[in-house]
Every structure is written in structure tokens, then in C-alpha cells.
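Subject: Structure handover

Hello,

Here is the structure for you to look over. My notes come after it.

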Amino acid sequence: MVARALAIDFKTPARARLAIGKILTSFAAWSFAIGLAVYGFEAHGIVGVGVVALIRYLPGAVAAPFTGAMIDRYSRRDILVCCAAAMAAVLIGATVAAALGAPTAVVFVFPGLFAIASAGYTPAESSMSPMLAQTPQQLSAGNVNDAVMENSGSFLGAIGAGFLLTATSPAFVFGVCAGAAVIVVLLLIGVPRDRRPAYLDQAGELAGAAREIAVGLRTLAAHPALRLAWTTTAALLLFEGFAEVIVVGLALHVLELPDGNVGFLKATWELGAVAGGAGLVLLLDRGRLVIAIAGGSLLIGVAAVVPGLLPHPVAAYAGWFAIGVGFVFVEVAGKTLTQRLGDDETMGRLLTLLQAGKLAAMAVGSVCAIVLDELLGTRGALIALGAGMPIFVLLCWTRLRAYEVGAPVAAVPYSLLRHNSIFEPLPMATVERLSHDLTPVDFEGGIDVIVQGEVGDRFYLIESGQVEVFEHGEFRRNEGPGESFGEIALLHDVPRTATVRTTEPTRLLQLEREQFLVAVTGHRRSTQVAQTVVTDRWDGGAGPDRTIAAGENAP
């Protein structure tokens, strides 16, 4: 199943370029991180590793929210190209500085610059995923593919760094990373530019970076499920920040292994993540996001305790492999949950806020590693933090269960809604719920589905067949598959403004008044698009007293 999904990704040239770019970007990032960790350990021990981690994460946490508005307003492909070019420039600078023997303080500047340069890359890439998915199941499968490619790149970067550090130096590793980043830039330039929706902007909507960040914060604050997804991801990434620091002490101090084993242990983590992707596809295809989050968190906790209790290389490698399996479960499920609940208009700002939280959590995790290592030793630190993961699951289980995806949706109804202009701005989770609410009805040719002057209580989407529209007995137009009717009477609480008659056997998907109104009037952009549709179809929709009022909770 994973192989088939990957084949689909590589079938299209643009998606293939993005996929290869993801592998190389992940390769460069992790090789650079491992080289820096060894460089820091050689200079200042475990504290040096922690300092490098802080420098890698904190600047990115500050920079990420400021990239959100650009991701939502401009071509996301252009954002990716700019970020990749900036990362390549930083890695070239780090290579030159380390090769020339620059002071440690100078070399330590580059991980901070790299964090700033890469802050918008992952959110921009993740923001494109819901636009490309035809169903929620495709989004889940696509996220698994992304995780497989990212972890494959991380695996190659970790094992490559392990061999290179054994035979060469951190400076040489930095140079290899720079070469990979340059290739990514060349690949992304060949990806076609995407266009952002031309929504009706309100006055003052682009009133500066602070306002744009506030939009993302309000979106996060107003949605309890998004807050929970953020909390889950933050807890996971706090552990990752902890693990990145503690693995150096585990390999070089507790197990007294050669330097290259830092990379080999990280490679084992990534190998576990790739292996875990196969099982994850089956869970997410059935909508079992919460099971994936809970099971992955429990596995991470148990696996972290193993090398703490049994300080042996076999136990360390087995534990790190299992952590990789659990990590990909939680990371992909949390990411999918966020993408389903957010809407496209604010997705970039939302994901950059989550990226900032991710980097901040990893910075906190690196500090925890230093503190716990000093207080409990490396083995005690692993046991303490590993035991905290099951506790987290128990505290969040009830709330997580409330946001389980549930049964998969049928592709045709979901696609019809997703490509209808009125529903297009809605979050994926809302469209998914409406897909379940749609009821199919079949009509023979020559049947009046709605009659002008009658009370309107349903909205209709045409799945197959054709209808003709009459106003006051005069023919106006034909409508076919993918088109819709019935929205005017629902939105303005007026009698039907036209008669719609089938011209051949036709299948319609109907949506009840309340379900339609709750979804559309509860979302600002959907309301604006609906008003445009009404104005185009009905003269009465253009009057000042006919404006549709958005719901109070509209984002």
C-alpha cells in the first residue's frame, strides 16, 4: 500500500521533484544537526550539544510565525524555493567557517541562521497537501508518504554522517549538506507555481506582520481540537529535542562507542520511522488518528526506558528503532488532524505557529536533557522522560477520542463538495462531515425537483445527469454534474426563485437546510463566495438588505 502511494507521488513530474527535494532537505538538515552535535560535544561536552540544539531551535521558533502570512498570500512554491536557497547559502557559510578553523562561537551562529532560513519550508509544503488531496484518506496517505520520504532522507543523512564523521570531520559533513541543498533549489525551480485564491479581501486585512500572526493565534485559540493537536505535537517534539541531546551522551559516555555511532543511532530511529509507515497507512486509512497518537506515544515511552535500564548497544539500538516507529505514528496523525481542522485561507499562518511551537518545544527538550542528565545521569534521564509519555496519553485520551475521524468518506460526494465554490474555502473536516450528511436521490427525466414559489428546505448537488432551470416560465440555463442549486432560498429565507427540472435520469445529492446553513454561514469566506453565487443568479441578491450574515464564530 505504501509502495503504491509512493508510485502515485512519483508519477507526476512536479510531485516527483517535491518528493526528491524532501528527501534531500531532510538529508541535509539531519547530517548538519549530527555534525553540529559532535562538534559541540568535542568543544564543550553534553552542555555544548545542548547549546547547539538551543541555537538550532529558538531563532526558528521566533521566525516561523512571520512567514505564515507570506505562505497564505503568495505562491507556496516560491516560498519553498526561497527557503531552499537561503538554507544552501547558510550551509556553504558553515562549511567555510568550520574548514578554516573559525572560533566555536562563529560556527555556532550558523545553526541559528539555518533555523531562520528553514522556518517557512515545512509549513509551506504542508499547506499545499490539503489542496492536492481528493479525499481525507488521500491526505492521510500523502502525509504517510511525506513521512516516509522525510525519514528516508533523515536515515540517509544520519548513516551518512556516521560514516563521514568516522572517516573525516564535521566541516566535510557540512559541505556535503550544502551540496544537497543546492540540488534542492534546482529541483524546486522546475515545479510549476501555484496560485492563491482571489478572495474578497477586507479593508485593513494586510495591516502588518503582527496582525497576521494574531489571525493565526485567534484561529488556534478558538478551536479546542487544534489546541489539542498542537499540545500533542509539542509533547512529542519536546521528547525529540531531549533525544537529540541525550543520544550523544548515551553513545559516547554511557556506551563509550566511537563518534560515528551518534549518526548510526539516529539512522536506526529513522529506519524505525520508515518501517512504521506501513502500519500507519492502515490505521489512517480507517480514520484511526487517535489510536495512532496514543499507541505511538506509549511505544515511545517504553522504548526510551529500555536503554536506560539496560545500558548495552543492542538495547540502545532496539530502543531507538522502536522510538522511530512510535514517533512517525504520533507526528503524522497529529499533522493530519491539524490539516483536517484548519481551512486553506489561514493554513499557512496556523502551520507556522505550530512550527514555532515545535521548535520551542524541541529547545525546551534540549534543556531538559541537560538538566536531567546533571540530576539523574543519562540513564536516569531516559527513564524519567520515557515514563512521562504514558502519563500524557492518560491525561489527554478522553479529549483526543472526541476528534477521531471515524468512517472514511466516499470519494465522489467529497470531491463534489470540495470542488464546489461555496464549500471550497471550508476546512477539510467540515467538508468531510457534510459528505456524510449528503443523501442521494434519483429522478427520472422530466421531473420538477424544485418549483418556483415553494418553500425551500434543501440544497442539491448534481452527481450525474442534467437539469434545466426556468424563471417565471422562461428557460435560463442547463446544469450538469458538479453544479448545484437551491442555495438562494436557504441563504435568504425566501421562496424558491426558480423551477429546476430534470432532462434525463439524474442522481442528486441533497443537504438539509440546517446542515447547509451551519456550515456556510459559520465561515466568512464561504459566506462571501455564496453571496457572489447568489448575486450572479438572482437579481434580488444584489440589494443591500440581501447580504448574507456570517456566523459569529466565522474565522
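Below is what was found, from the whole chain down to single residues.

Ground rules first. This is a predicted model, in which local features need pLDDT of at least 70 and side-chain atom pairs count only at pLDDT 80 or more, while totals for chains, interfaces and linings use all residues. Residues are numbered from 1 along each chain as its sequence is written, and side-chain values use heavy atoms, with hydrogens and water left out.

**Overall**

The protein chain has 19 helices and eight strands. Helices (H or I, at least four residues) and strands (E, at least two) are DSSP runs, numbered from the N terminus. Of its 555 residues, 58% count as buried. Buried means under 20% relative accessible area, exposed over 50%, and partly exposed in between, with a 1.4 Å probe and protein chains only. The accessible surface of the chain is about 21900 Å², and carbon and sulfur atoms hold 64% of it. Those areas come from the Shrake-Rupley method with a 1.4 Å probe; for residues, only the protein chains shown count as cover. Take the contacts (heavy atoms within 4.5 Å) between residues at least 6 apart in sequence: 83% of them join residues at least 24 apart.

**Confidence**

The chain averages a pLDDT of 78, and 78% of the residues score at least 70. pLDDT is the predictor's confidence in each residue, from 0 to 100. Strand β7 (residues 499-502) has the highest confidence, at 95, and helix α1 (residues 2-11) the lowest, at a mean of 56. Two stretches need care. Residues 199-207 stay under 50, and the model has 20 contacts for them beyond four places in sequence. Residues 541-555 also stay under 50, with 33 such contacts. Where pLDDT is low, the predicted coordinates should not be read in detail.

Now the pairings. Two strands pair if DSSP finds at least two bridges between them. β1 (residues 439-443) joins β8 through five antiparallel bridges, and V441 stands opposite L508. β3 (residues 458-464) joins β8 through six, again antiparallel. There, L461 faces L509 and Y460 faces Q510. Five of the seven residues of β8 (residues 506-512) are buried, so the strand is largely enclosed by the rest of the structure.

**Around β4**

Five of the five residues of β4 (residues 467-471) are buried, so this strand too is largely enclosed by the rest of the structure. V467, V469 and E471 point one way, and E468 and F470 the other; all are buried. β4 pairs with β5 (residues 474-479) over five antiparallel bridges. E471 stands opposite E474. The two strands form a hairpin with two residues between them, and H472 in the turn has a positive phi of about 55°. β4 also pairs with β7, antiparallel, over four bridges. T502 in β7 is the bridge partner of V467.

**Cores**

A nonpolar core is a set of buried Ala, Val, Leu, Ile, Met, Phe, Trp, Tyr and Cys residues joined through side-chain atoms within 4.5 Å. The largest has 99 residues; F32, L91, Y121, L188, F239, F242 and W320 have the most contacts inside it. Helix α2 (residues 13-73) gives the largest share of this core, 18 residues. Leaving aside neighbours within four places in sequence, L188 is in contact with L18, R77, L80, V81, A84 and Y121. Another core lies apart from it, with 26 residues, among them L416, I422, L490 and V533.

S75 lies in the loop between α2 and α3 (76-99). S75 is buried, at a relative accessible area of 5%. The C-alpha atoms of S75 and R193 are separated by 6.2 Å, though the two are 118 residues apart along the chain.

Best wishes
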